[in-house]
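Please consider the following structure together with its sequence.

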Amino acid sequence: MTALVNGLNSSGLFQAGFQLSLSEARNPLTLRPARPAMADQLAAGHYLSIISVILRGICRSLERAPVFGDCRFNVFARRFVQMVIIGISDLHGRLNALKAILAQAGECDVIVLAGDLTHFGSPKDADSIIEACRSFAPHIFAVAGNCDNEGIETRLVELGVGIAGRGIIVDGVGFHGLSGIPPWRPGMYQFSEETLASSLRRGFEEIADSLCHVLVTHVPPRQTNLDRVLWGCHVGSYAVREFISTCQPHLVVCGHVHEGRGIDVQGKTTIVNCGHAASGYYAKIVLPQAGRQEDIQTELCRADLV
Ligand SMILES: [Fe+2]
């Protein structure tokens, strides 16, 4: 036997019936609500909107989380809403300097090595450098500089980190690379501006569909604040400059000109010259995976060397 009684629920937002079973009829205090279908749908919508508000609050908290803190919550935030990149260039074979930089920077999502890993060294030297980076980031990308050579370039590819003239996408962020410099002096790992331009195009084509574009290049773009040597002239690459003005990548990480350490912006592109890593200089970059170029955060850092 059932009996239906109309009434208001606790929130007073809609009317609901009360269903009374045979056993419960003996004790009216055990009345339980029996909502009609429309009331159930309204209640479900109400709960969904509450869940939606909670999720939005969590997402906002993640976005506001301190970037370089050590708390677990921050590690969670980094994984899901942004990518932390450590940029290192011009180590010139100084493994101790690399270890000091990595110890200070801590774990990150990606380490990019923007050339001159060695000082006219061997592929074996490159092995030690990549090995030292392995435990600090799940992804390592590297290009060769003018003080490296073709053997080192080949070894970087064999190690799965070489990205010169090729592209790879990680969590929606596309990385491609450029090795070498424009012609300078004998004995350098160098290429014509045309060859550099074609390598840039080749790599970029492989990541064109990604949300965020990152170029890792040893040589900076020409005529910026990042390619001026001590005596004042610019030594960057015209091909890199042309590529930036045409394709407007989100981020360019470079090196080569030790005294040009700094950050510059060309159009929508943030360009970071990480500086002379052999002296402890490096860069921390936080990339928004949603691809908002104005939200890129960069920080020039220096590790103490013993
Ligand atoms: Fe260099």
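In what order do the five strands of the open sheet stand? The order is β6-β5-β4-β13-β14, with mixed pairing; two strands count as paired if DSSP finds at least two bridges between them. This is a predicted model, in which local features need pLDDT of at least 70 and side-chain atom pairs count only at pLDDT 80 or more, while totals for chains, interfaces and linings use all residues. Residues are numbered from 1 along each chain as its sequence is written.

Strands β6 (139-143) and β14 (297-302) each have a single partner strand and stand at the edges, so one side of each lacks a neighbour in the sheet. On average, neighbouring strands of this sheet are turned by 20° against each other, direction ignored; the axes are lines fitted to C-alpha atoms, and angles run from 0 to 180 degrees between N-to-C directions. Within the sheet, β4 (residues 82-88) and β5 (residues 110-114) run parallel and are joined by four bridges. Ile85 stands opposite Val110 in β5.

The protein has seven helices and 14 strands, taken as DSSP runs (helices H or I, at least four residues; strands E, at least two) and numbered from the N terminus. Of its 306 residues, 41% count as buried, that is, 20 or more other C-beta atoms lie within 10 Å of the residue's own, with C-beta atoms placed from the backbone.

The mean pLDDT, the predictor's confidence in each residue from 0 to 100, is 83 for the protein, and 73% of the residues reach 70 or more. Over residues 62-80 the pLDDT is below 50. Where pLDDT is low, the predicted coordinates should not be read in detail.

Key: A residue is buried if 20 or more other C-beta atoms lie within 10 Å of its own, exposed if 12 or fewer, and partly exposed in between; C-beta atoms are placed from the backbone. Two residues are in contact if their C-beta atoms, placed from the backbone, lie within 7 Å.
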